[in-house]
Amino acid sequence: MYLPEKGKTRAEIFEFLKIARSYDARWEEGRIYAYVYDPGKDVMEVGKQAFVAYMVENGLDPTAFPSLLKLESDVTRAVIHLLRGGEQVVGSVTTGGTESILMAVKTARDWARFTRPEIQAPEMIVCQTAHHAFHKAAQYFGLKVVITAFDPQTFRADVDAMRAAITPNTVLLVGSAPAYPQGVVDPIPEIAALAQERGLLCHVDACVGGIHLSIMRKMGRSVPPFDWTVPGVTSISTDLHKFGYCPKQASVIMYRDKALRRFQMFTSTKTTGYTLVNPTMLSSRSGGPLAGAWAVLNYLGEEGYMRLVSEVMQAAERMMDGVRSIPELRVMGQPDMCLFAITSDSLNMFQLTDAMVAKGWTVQSQFGKPGAPRNMHISVQYSAARHADDFVAALRQSVEEVKLAPPIDVSAVLGPLNELLASGDPQIFENAMALVGMQDGKLPTELALINTLLEAMPDDIQAQFLIEFFNNLYA
Ligand SMILES: Cc1ncc(COP(=O)(O)O)c(C=O)c1O
C-alpha cells in the first residue's frame, strides 16, 4: 500500500485487519502446537488489558516511568525465585528468548574481554540441538560457535564432546532445559561442573522450560536439575511469552550476580543527546509486554500455573501414547515436559506435516541431521490440551493418507538445481526458486517438496537459498 491521502475510517481499518487475520493460523480454535501459547480467554484478557494500559509508556528512562522499573523488578524477582535463585541473582526483562540469549552471549564476550584479555577470538560450545539464537548471537557479536554432538538415542548434549572441544579461547558452555527439537533437558549439572572446573561461564537456555519445569517440580513430578541450585550455572534465560503464557514480547535473562550483569549494560556518553543507559538491546521499550507479564504472573499465581501444567502434561502424555500406538510412528527420545518430536522410518514426515496442516492443525517440520531424522515438532500448550484425542485421530488418518500418496521424488529437481547452484549464473536464486516452485514472492502452502529439497542441500547453500527467498518476500 501507499500512505493513503486521507485517513480511512475505523470501520474500514478493522474490517481490513479482520480479513487479513483470516489467512493466519486459527489459534483461537486451539489446534496449534507451535508459535502460540494460549492460557484461555480469561487469563488472555487480563494480559491484554494490562498490555494495552501500558502500551505507550517507555522503558527507556526509569526516572520518567518509575512504575516500569517496579514492574520489571517484580517480574524478574518472581522468575528468579521460581528458579530457586537467591538474593544475589539478578536479571532483566527482554523481548524474548532471542534477546535474552543475545544478552547472555554479549555478556560472556565482554566478561572474557575484561577477565581474560589474552583471548582474541572467543569461542562458545553449543550442542547441535541448542537454539539458533546462539548462532545469531555469535554472528552479531563476533564469537565462534563450536557445535558439539548429541546422543542419538536420548538427544541430550554429549558432555565428553564438550570437554574435548574446549580450547584456550573458550569462554562459554551452553545447555538447554529443554532443547526445543525433542524436548529433552541436557545434563546441566555435568555441563555446569565442566564450566566451573575450567573457569568458564555456563548459560542454561530455559527459555522454553524455565516456568513449566519449575511448576512441575513444585507439583512433585521428577524434573532434571537445571536451575540456580546447580553449581556452576552463571546465566539462565526463561521466556514469559512461551510457557509463562504472557503476551509477547517477554523473557527474563538472569545472572549469578551483579558483577556479571555489569557486562550486559550499555551506556553512551559521547553525543550531544540525552543520557542513555540500556540494560538490554533496545532503547525505547513499550511498557506493554512488561505490564502484560506482571499481570499474568499475578493473576495465575502458582496455583493457576499448576492447573495449566497439570492439564497440559496429561494431554501431552496421552498424545505421546497415541503416537506410540501408530505402528509407522515413534516419539524421539524421552521428552522431559510437553514438547516432543514424531518421526517415522517409512513415511515422509514432511508429507505427514502437510496432511495435518491441510486439516487445520498447526504443527512444525524439523529437518533431518545425522543422528536425528526429519520429524514433526509438537509443543503442547494449554489451549491445545483439549484436542489431545482429536489430534491422535487426525494423525492416524493422515498416516493412512500419506501411505497412499505418491512419494516425493526430488531427484528430477535436485540434479538441475545443483547444476544451477554450481553455475555462477547471476540469476541463480531466481531460477532455482522457480525450479522448486517458489515464485512471485508467494508463500507455498504445501511444503513437503520444498522441505525435502532444502534438507538435501548443503547447509551453506540452504542458508543462502532461504535468505534470498526472504529477501524477496518482504517489501
Ligand atoms: C530453547 C529455545 N531457546 C530460545 C528460543 C528463542 O525464543 P524467541 O522465539 O522468543 O526469540 C526458542 C524458541 O523457540 C527456544 O525454543
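Two strands are said to pair if DSSP finds at least two bridges between them. Strands (E, at least two residues) and helices (H or I, at least four) are DSSP runs, numbered from the N terminus. The structure is a predicted model, in which local features need pLDDT of at least 70, side-chain atom pairs count only at pLDDT 80 or more, and totals for chains, interfaces and linings use all residues. Residues are numbered from 1 along each chain as its sequence is written.

Let us start with strand β7, residues 251–255. Strand β1 (residues 90–94) pairs with β7 in the antiparallel sense over five bridges, and serine 92 has isoleucine 253 of β7 as its bridge partner. Strand β6 (residues 235–239) also runs antiparallel to β7, joined by five bridges; here threonine 238 stands opposite valine 252.

Helix α3 (residues 66–82) comes next. Its buried residues are Leu68, Leu71, Glu72, Val75, Val79, Ile80 and Leu82. They cover an arc of only 165° around the axis, so they sit on the same side of α3; the arc is that of the directions from the helix axis to the C-beta atoms. On the other side of α3, Pro66 and Lys70 are exposed. Just after α3, arginine 84 takes a positive phi of about 60°.

How values were computed: Buried ≥ 20, exposed ≤ 12 C-beta atoms within 10 Å, placed from the backbone.
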